[in-house]
Amino acid sequence: MTPEDVLAELTALQSGDVPTHGGATMAYVYDSGVPGLDDLAAGAQAAYQWTNALDPTAFPSVARIENDLVGAAAALLGGGAGTVGTLTSGGTESCLLAVLAARERWRRRGLPGRPRLLLPVTAHAAFRKAAHLFDLEVADVPVDPVTCRAQPAAVAGLLDERAALVVVSAPSYPHGVLDPVGEVAALAAAAGVPCHVDACIGGWVLPFLDDVPERFDLSVPGVTSLSADLHKYGYAPKGVSVLLVADPELRQAHWFATADWPGYPVVNPTLAGTRPAGPMAAAWAVHRLLGVDGYRTLARRARGATEALAGGIGAIDGLRVVGTPVSTLVAVAQDGPDGVDVLTLADEMTARGWLLQPQPPFAQPGGADLPATVHLTVTAATAGRVDALLADLRDAARAAAALPRPVADPGLLAAAATLDPAALTVAEVDALLELAGVGGGRLPARMAPVHALVAALPRPLAERLLAGVLDLVYRPAAVER
Ligand SMILES: Cc1ncc(COP(=O)(O)O)c(C=O)c1O
């Protein structure tokens, strides 16, 4: 094939994907709308696509790129003289490494038992993954059911010898609200426990806004690490985040070094061995292009759009905005018992060309239940489309109100109650998915009934079925012989 043919084939493959640009996909993607930014990022990425950031002594320019970006993040996010950091592959890896460092620190104390991760239920799922991978026990911190902010009193009750790390979000992904960072960090510091601020989604927005209600960064006493993703509101292509750490000892705790093999000496600051330098170089280039002023303009544009959106949604019958969004995320819930079902609303919006992310209702361990919501990530590219979005939301809310509410099939639920998820085979999971309407890994146009079912199932079974969907999606293409 010619290179042109190959590229044409790729472009054709993309025709079934949701758009990455234009502001209608309100999760997963971050469009600055800045002319020339994409080309610059692509150029920088191309210049570094073969470079291996595994060894910064062979490629000193990647150390320079990393130091520049970590320094810029530290300056923006309250870093001090001892602040150091690492570029990672994304938010999840930054969160994983923060937990790993805290676990290593805890282990050095030689205490008995298993370390615990004090985790507000609204903290990103990446922390549950970290607990799973690094063998920590999650201690759930309930959030206030109205504000959706972590409850400091619950943190205080969990700060014992086994506490290895406390997490707070700035803001939380599900609801876009700011946890009480100062209060929680002070409690953690008094107990000698590190505190991580997950600013993966707010780190390149909040510092540029005037109306953030309280401090949330490394300048807050007791905060020991902070994550901020460049591939979100840093408007860099996928694959790059910053983990800042208040002191070099804690950073080394997530590094891995070995001379215990006959090959080259290994020191890995992240989970990867070979590290792609392309996303780092692209982030560096975008950062140089935008500068502080560029980021401020984009953050304020997205924030203005978020406020307009939140105001408009509050005026739609049957819908309400959850909590007080401080940044550029909005969560919308049903208003009152007769309000609009938001899972159906999400389907109606999909039909109108928008991707809003459905979030199922959640029963908090030890706390009041949280309602189903739809999540909207607002970027600068959505700013010019707020009126159109609100018009479609009004229309979709009317349409959703006229439809029956999604209910989980009682027969399926009764059958599910008898199942042991751990004992199910892949074939049995496939058969259950067929019954649930997601056979063959093809999602139906209307997802509300599926979400209602997932929310009603026992969590281990829901997780097994969700993995089953992915298992069906990822089936290798037939081998050509
Ligand atoms: C607050 C927060 N933390 C962590 C993550 C995980 O980031 P990633 O998807 O880049 O791994 C996200 C992603 O949305 C997030 O919003």
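Me: What do axes and angles refer to when two helices pack?
Reply: This is a predicted model. Angles run from 0 to 180 degrees between N-to-C directions. The axes themselves are lines fitted to C-alpha atoms, for helices over the stretch in contact.

Me: At what angle do helix 10 and helix 11 pack?
Reply: Helix 10 covers residues 342-351 and helix 11 covers residues 386-401. Their axes lie 9 Å apart, and the packing angle is about 125°.

Me: Which word describes helix 10 relative to helix 11?
Reply: The two helices pack at about 125°. Angles over 145 count as roughly antiparallel and 65 to 115 as roughly perpendicular, with under 35 for roughly parallel. The angle therefore makes helix 10, relative to helix 11, oblique.

Me: Is the crossing of helix 10 and helix 11 left-handed or right-handed, and how many residues of their contact are nonpolar?
Reply: The crossing of this pair is right-handed. On the helix 10 side, the contact is made by Thr-344, Leu-345, Glu-348 and Met-349. Helix 11 brings residues including Leu-389, Asp-392 and Leu-393. By class the contact holds 2 charged residues, 1 polar and, as for nonpolar, 8.

Me: Which strands are the edge strands of the open sheet?
Reply: The sheet has 7 strands in the order 1-7-6-5-4-2-3, with mixed pairing. An edge strand here pairs on one side only. That holds for strand 1 (84-88) and strand 3 (137-141).

Me: Which residue in strand 7 stands opposite Asp-229?
Reply: Strand 6 (residues 225-229) and strand 7 (residues 241-245) run antiparallel and are joined by 5 bridges. Opposite Asp-229 stands Ser-241.

Me: What angle does the direction of helix 5 make with that of strand 2?
Reply: Helix 5 (residues 126-134) packs on the sheet. Among the strands that helix 5 touches are strand 2 (116-120) and strand 4 (163-169). With the direction of strand 2, that of helix 5 makes about 165°.

Me: How do helix 4 and helix 5 lie to each other, and which residues of helix 5 meet helix 4?
Reply: The axes of helix 4 (residues 91-108) and helix 5 come within 9 Å and cross at roughly 45°. The two helices are therefore oblique to each other, and the crossing is right-handed. Helix 4 contributes residues including Cys-95, Val-99 and Arg-103, and they meet Ala-126, Phe-127, Lys-129, Ala-130, Leu-133 and Phe-134.

Me: What distance separates the centres of domain 1 and domain 3?
Reply: The domain assignment gives domain 1 (43-285), domain 2 (298-401) and domain 3 (410-473). Taken over C-alpha atoms, the centres of domain 1 and domain 3 are separated by 33 Å.

Notes:
Residues numbered from 1 in each chain as written. Predicted model: local features only at pLDDT ≥ 70, side-chain atom pairs only at ≥ 80, totals over all residues. Heavy atoms only, no water. Helix = DSSP H or I, 4+ residues; strand = E, 2+ residues; numbered from the N terminus. Left-handed = near helix turned anticlockwise from the far one by under 90°. Contact = heavy atoms within 4.5 Å. Nonpolar A, V, L, I, M, F, W, Y, C, P; charged D, E, K, R; others polar. Pairing = 2+ DSSP bridges. Domains from an automatic or database assignment.
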